[in-house]
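I opened my notebook to write down what I looked up in this structure. Here are the entries, in the order I made them.

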Amino acid sequence: DPPNSISPSAIKDYLDCPLRFDLKRLLQMKTYDAAKREMDALDFGRLCHDVLDQFGADESIRESINIADIEGYFMAQLDAAIDKRYGKNLSLPIIVQLESARERLRAFAAIQAVDRACGWCIAHTEYPVGGDTGVEWQIAGHPVRMAIDRIDRHEDGERWRVWDYKTSGKAKNPEQAHLSLWKEVENRPLLGELWTGAGKEQRWSEVQLPMYAAFTQEHFNTDELPQVGYINLPRAVSDVAFCPWQKFDRLVMDSAMGWAEVAVERIREGDFYKAANYPVSMRDWDDFAGLAPDGLAAAFGLGDA
């Protein structure tokens with residue numbers, strides 16, 4: 001059965017590979033690491049997200065332009081989160097990861113203070129949509145469930161921004177994260193017209209930020225399309241920064257939303273019988289590679305259809 005609600009990350013999984021979407025999202029298949037001794041990327045991201053979410057929700061500190069005050073708040077929330085998750089006796093790998101989180105948040109404290117001084121206010125953090133939140137939104141008549149990391153509004157009352165926090169090892173460019181070169185040999189879903197950027201045909205591999213922008217404009221009735229982007233907190237603290245999608249406009253959003261609508265329709269129809277051919281560079285990231293040494297298409301008798 002198709003899911004009762006759909007999320008941006010689920011649509012991303014479908015755009016990546018319909019068969020893997022079925023295995024991961026509907027059959028709930030996932031890897032298990034019995035030897036885990038440290039935070040994985042998801043754990044680390046959640047740790048930093050929790051600290052930033054607390055900051056954005058706390059009206060007593062989020063308006064501050066004092067770097068020391070913001071940094072002190074981050075450190076206190078980080079220590080509390082680590083203590084709650086792992087206790088007092090931390091393993092060496094977690095101690096190292098904790099220091100990495102400290103460095104990234106210290107760097108962001110300075111950037112956040114400047115951003116607030118420029119008139120940008122945090123309006124909402126971890127804004128919930130769908131489920132029992134009372135905020136409903138649909139794509140192609142199907143309920144959407146998501147949480148937007150951060151929504152800003154300028155003091156002028158006119159301009160809006162929507163951000164997604166990224167704690168990956170390297171800083172990400174939102175346009176490059178959402179659009180990928182179209183390669184027919186990869187057997188990815190083609191759900192609409194290809195986007196032509198820099199003279200190259202590109203497919204939508206991610207629709208998260210366009211979905212956030214479409215929802216925000218509709219729900220908050222903004223006159224202008226919100227700016228979207230990433231707040232990067234990578235390993236190299238010199239790259240900690242607000243990274244807006246420079247060329248994001250309505251044409252970009254409409255193209256992405258068109259692909260998202262078709263993806264939702266195909267998910268609803270149960271169209272999962274197509275396996276993408278991952279390039280060699282991605283095979284280490286394929287959770288299902290161990291199930292099928294000769295490829296998922298061969299294992300399931302799908303060919304490339």
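**Entry 1**

I started just after helix H2, where Gln 28 takes a positive phi of about 60°. Helices here are DSSP runs of H or I with at least four residues, strands are E runs of at least two, and both are numbered from the N terminus. I noted that most residues other than glycine have a negative phi. Gln 28 is found in the loop between H2 and H3. Is Gln 28 buried or exposed? I looked up its relative accessible area, which is 57%, so Gln 28 is exposed. My cut-offs are under 20% for buried, over 50% for exposed and partly exposed in between, with a 1.4 Å probe and protein chains only.

Before going on, I reminded myself that this is a predicted model, where local features need pLDDT of at least 70, side-chain atom pairs count only at pLDDT 80 or more, and totals for chains, interfaces and linings use all residues. Residues are numbered from 1 along each chain as its sequence is written, and side-chain values use heavy atoms, with hydrogens and water left out.

I then looked up Asn 187, which has a positive phi of about 60° although it is not a glycine. Asn 187 is found in the loop between strand S6 (179–181) and strand S7 (195–197). Asn 187 is buried, with a relative accessible area of 9%.

**Entry 1: helix H2**

Back at H2 (residues 18–26), I found Pro 18, Leu 19, Arg 20, Phe 21, Asp 22 and Leu 23 buried. What covers them includes H1, H8 and H9. By contact I mean heavy atoms within 4.5 Å.

**Entry 2: the nonpolar cores**

A nonpolar core is a set of buried Ala, Val, Leu, Ile, Met, Phe, Trp, Tyr and Cys residues joined through side-chain atoms within 4.5 Å. Which residues touch the most other members of the largest one? Of its 42 residues, I listed Ile 11, Trp 137, Met 146, Met 211 and Phe 215. The elements that each supply at least two residues of this core include helix H1 (8–16), strand S1 (120–129), strand S4 (146–154) and helix H7 (208–220). H8 gives the most to this core, with nine residues. Apart from it lies another core, of 29 residues, among them Leu 47, Ile 94, Phe 108 and Phe 242.

Ile 148 is found in strand S4, and I have it down as buried, at 0% relative accessible area. Beyond four places in sequence, Ile 148 touches residues including Tyr 127, Trp 163, Tyr 212 and Phe 215.

Ser 255 is found in helix H8 and counts as buried at 16% relative accessibility. Leaving aside neighbours within four places in sequence, I found Ser 255 in contact with Trp 195 and Trp 204. Ser 255 and Glu 193 are 62 residues apart in sequence and 7.9 Å apart in space, C-alpha to C-alpha.

Ser 168 lies in the loop between S5 and helix H6 (174–178). Ser 168 is partly exposed, with a relative accessible area of 24%. A polar atom of the Ser 168 side chain lies 3.0 Å from the backbone oxygen of Lys 170. Ser 168 and Glu 155 are 13 residues apart in sequence and 31 Å apart in space, C-alpha to C-alpha.

**Entry 3: a buried arginine**

Where does Arg 62 lie? I traced Arg 62 to the loop between helix H3 (41–57) and helix H4 (67–86). Arg 62 is buried, with a relative accessible area of 13%. The backbone oxygen of Gly 56 lies 2.7 Å from a polar atom of the Arg 62 side chain. Not counting residues up to four places away in sequence, Arg 62 also touches residues including Gln 112, Arg 116 and Ile 122.

Technical notes
Polar contact = N/O pair within 3.5 Å; in protein donor to acceptor, adjacent residues only side chain to side chain.
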